[in-house]
Amino acid sequence: MAETKAGVGTGTQAADARDLVALAELADMLWQLGAESTDVPIDVAPYLDGLKAVARRIQRMKPLDAGGRELAARHYYAGVIAGACGDDSAIARGVSDNLFKQSAGASRPVARCFAVLAHTGRRHGRVFAAQSGDRVLV
């Protein structure tokens, strides 16, 4: 089992070294949200399938090493939060500010990967928010 946890105080861990912890944490949140929805159930299966596709895409990105792949997954995660909660939400701002600091020394190709994934995450987050109504991931 990987030693890296997805966030402070979380129990989410990657199944092995190739898994992306940030995406595992996002999947956990989706499962929880789907399980807690009592009014109108949310089918989270398509979203989980989408996370698998994003993980495969990140794994194939050539300029990224293992640390870069995890940071890329965090950029996607931040994009999803921003899309679902709004770019101006406190959580979205905090996550993106932290990621900006962590990725400050990234090369141009790596930074481009991060930007593309954050944009994709925002789009996916907006779609999720629109389909799930007033329920959000956080």
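The model is predicted, so local features need pLDDT of at least 70 and side-chain atom pairs count only at pLDDT 80 or more, while totals for chains, interfaces and linings use all residues. Residues are numbered from 1 along each chain as its sequence is written, and side-chain values use heavy atoms, with hydrogens and water left out.

Ser89 sits in the loop that joins α3 (66-85) to α4 (90-102). A polar atom of the Ser89 side chain is 3.1 Å from the backbone oxygen of Gly86. This is a polar contact, that is, a pair of N or O atoms within 3.5 Å; within protein, one must be able to donate a hydrogen and the other to accept it, and residues adjacent in sequence count only if both atoms are side-chain atoms. Gly86 follows α3 and has a positive phi, near 105 degrees.

## Overall fold

The protein chain has five helices and zero strands, in the order α-α-α-α-α along the sequence. Helices (H or I, at least four residues) and strands (E, at least two) are DSSP runs, numbered from the N terminus. Of the 138 residues in the protein chain, 40% are buried. Among contacts with a separation of 6 or more, 66% link residues 24 or more positions apart; a contact requires heavy atoms within 4.5 Å.

α3 has 20 residues, 15 of them buried, and is mostly covered. From first to last C-alpha, α3 reaches 29 Å, close to the 28 Å expected at 1.5 Å a residue; the expected span is 1.5 Å times one less than the number of residues. At the start of α3, a side-chain oxygen of Asp65 comes to within 3.3 Å of the backbone nitrogen of Gly67.

The axes of α1 and α3 come within 7 Å and cross at roughly 35 degrees. Axes are lines fitted to C-alpha atoms, for helices over the stretch in contact, with angles from 0 to 180 degrees between N-to-C directions. Among the residues making the contact are Leu23, Leu26 and Met29 of α1 and Tyr76, Val80 and Ile81 of α3. Ala22, in helix α1 (residues 21-36), is buried because its relative accessibility is 6%. Beyond its neighbours within four places in sequence, Ala22 touches Glu70, Ala73, Arg74 and Tyr77. The C-alpha atoms of Ala22 and Ala73 are 5.8 Å apart, although 51 residues separate them along the chain.

## Helix α2

Helix α2 (residues 45-60) has 16 residues and spans 23 Å between its first and last C-alpha, close to the expected 22 Å. Its buried residues are Tyr47, Leu48, Leu51, Val54 and Ile58. Viewed down the axis of α2, these buried residues fall within an arc of 110 degrees, so they line one face of the helix; the arc is that of the directions from the helix axis to the C-beta atoms. The buried residues pack against α1, α3 and α5, whereas Lys52 and Arg60 are exposed on the other side of α2.

## Gly125 in helix α5

Gly125 belongs to helix α5 (residues 108-132) and is buried because its relative accessible area is 0%. Neighbours within four places in sequence aside, Gly125 is in contact with Val80, Gly83 and Ala84. Gly125 and Gly83 lie 42 residues apart in sequence, with 4.2 Å between their C-alpha atoms.

Note on methods. Buried < 20%, exposed > 50% of the residue type's maximum accessible area, 1.4 Å probe, protein only.
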